[in-house]
Structure formats: structure tokens, C-alpha cells
Amino acid sequence: MSRWPSVELGEVLHTQIDAVESAELETVNLAGVYGFARGLFKREPISPLDTTYKRFHRLNAGDFVISSPKAWEGAIARIPEEFDGWFLSPVFPTFRANPDRLNTRYLDWYCKREAVWTQLQGKAKGMGARRESVSPAQFLSLNIPLPTIDEQQCIVARLDQLAEKVRQIDQHLDAIDAVAEALLISLHHKFAAERMVRLGDIIELFEESELIKPDGQYPQVGVRGFGGGLRQAGIGGNGNVIQSLQSPVCRCHRAKPSQRLGRRAGSLPARIGRHVCLAGVSNFSLQTRSGKPCLSGRTDQNAVVLVTTSSRNPRRWRPPRTHPPRAVFEHRAAHAGIT
């Protein structure tokens, strides 16, 4: 339980919209708000004549903004100095804090917590997940633990310090990734010796379907994106086991040792050493005609990346680190008494 008093956000924050009529603007420097508490981003300037908006909301540094349609998904942010004077559409209400009671930097860190988004989703109204909307009144009805203004500043300073450490670590990991990727590509060029082959000439689609039996149990795996290899997954029953009587899947594919598993959207291949089953017709296995290790591939929008899987422990590629270090705040909040 928090050692600080819990207050309704509306006691220390109020709606403050700086609306500008479209007719008064020649061009609009339009911004946007990322989901998952990743802040604001800049769009290309537009002409008001190219939109149906009668007015835009001008941003003022230090204020707070939410996306009404996506606030429950973490589209919430403090407005930094670099976005002062930029604009958002009318579905982005803005708020101003009582500076004697609330530091918006503290609120910004607090709203990076997934628990806050869950609360907003509970308050949102609309038909269907993609139509749920959070009004300014619903946002202001949130209850937050509120330290003194001096304590808020200390918390913000400490969290900013930890976030900078995380950024430095990410920078080092990105450099390691770049070197490893360059090494992988150079090895491919060296061993390929300028030889190019059509992927379909060395591997073929191979599916061994298996009917789901009423009393059967079927271990299941999934294929991670970004070349993350295989993962245990379940769509019913106990963890990674498909219980046939609880599952809508009527047929699955059996994977054999040393096969390459992928999915139609494309993921770097992984090797497995035991029998598992894949659920759904969108998963498939690739097997060499010769039965020996071969080149497998992943397609991107404009290129095909070839990789080998001869290692017993193929390198696991990390997805881009685009999310903020929420765990840092969660850890710090737990020690500070925030719930």
C-alpha cells in the first residue's frame, strides 16, 4: 500500500485545450502520439484544406495529452519542449497541471505503467476493442498516489537516471547486433562464392497433417517473430498442450527433428530436436530434399535474407527495443511504495 495519499487526477490536472481554427492556418505541423507510452512523434506538414477538421489542438510544452481512441493502449504523454507549437487533431485532448501539486514528468512516468492503461480500458466506452474511447472526464477520474512536489522531483530525477543507463545498455547491445549481423553476412558471401540459387530449388514445402483425436493431447510450439526461434504455446488445456476436446483445431502438423519451421509471414528458421505439433494451417515445415542442412530464408518487403542453421544453438535475434523501460519504473515504484 502506498505511503502517499491517493487523489483523483482531476484535483491536480484540468482540461486545457488550445484550439485553433483551420481557417487561420496555412500549414499544420502535425504530431502524433505513440501507443505503449512511447511519447510523441512528428508527421509531415499538411494543409488544412486537405482535412475535414474545423480546428486543431495546439500543443504547449509541459502540458499532458492523450489519444481518446487509444489512451487505453498507452497513447498518453507529456508534451516535450521540441513539440511546443505543433498540432494534433481534435481527438487528442490536452491537460494542464497545478504546478504546486503535480509535476507532469512524474505523471508521465506513472502513466508508463500497464496497470494505468488497464484502468483506462475499464473506463473506456464503445463497441469493440478498436472503438473504445477515453473521454477527458474519464481520464481525470483516475486515482494516483501523490507525493509532495519535492518528492516527485526526486523520483523523476532517479527514474531519468535509470532510463539513461538503460539507453546506454541498449546502445551497446545494438552495436553488438550490428557487428554480429555484419559477420553473418560476410560469412555467407565468403562461403557462397557469388553463387545464387532459387530457394525453391533446394527446399520444398512438407506438411504431415495429423487428425486431432478426441482423447489426444498434443504438445504445441509457436514461431516467434524477429527470428526469435520457437516458443512453447498453448491454445487450451495445460500450458503448451492442446486438449482436443477444448480446442477448435481439427488438424495439426507434426514436426520432425532437424526440420525448419516457419510461418507464411516469414520468420528466421529454428531447428528442433523433438517431436512437436503446430496448430493451424498457417504454420508449415521446410525439409531439405537431401536431408542435409541447407539455406533457409525470410522475406522482407524488398529483400530476401538467407541464413544457415547448422549451429546447434542458432543465434536468437532480439526484436527492436521500441518500448520504454517500464520495468524500471515498476521496480522503482515497488520500492517507493507506489501501487
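Predicted model: local features only at pLDDT ≥ 70, side-chain atom pairs only at ≥ 80, totals over all residues.
Strand 7 and strand 10 run antiparallel and are joined by two bridges; strands here are DSSP runs (E, at least two residues), as helices are (H or I, at least four), both numbered from the N terminus. F64 has F95 in strand 10 as its bridge partner. Residues are numbered from 1 along each chain as its sequence is written, and side-chain values use heavy atoms, with hydrogens and water left out.

Both strands belong to an open sheet of four, in the order 2-10-7-8, with antiparallel pairing; pairing requires at least two DSSP bridges between two strands. Strand 2 (13-15) and strand 8 (76-78) form the edges, each pairing on one side only.

I turn to the core. The largest nonpolar core holds 33 residues, and L9, L13, I76, L102, L120 and F139 have the most contacts inside it. Such a core is a set of buried Ala, Val, Leu, Ile, Met, Phe, Trp, Tyr and Cys residues joined through side-chain atoms within 4.5 Å, where buried means under 20% relative accessible area (1.4 Å probe, protein chains only). Apart from this core lies another, of twelve residues, including A31, V33, L59 and F83.

What does L13 touch, not counting residues up to four places away in sequence? L13 touches F95, R96, A97, L102, L107, F139 and L140, a contact being heavy atoms within 4.5 Å.

Finally, V221 lies in strand 15 (residues 221-223) and is buried, at 6% relative accessible area.

Notes:
Buried < 20%, exposed > 50% of the residue type's maximum accessible area, 1.4 Å probe, protein only.
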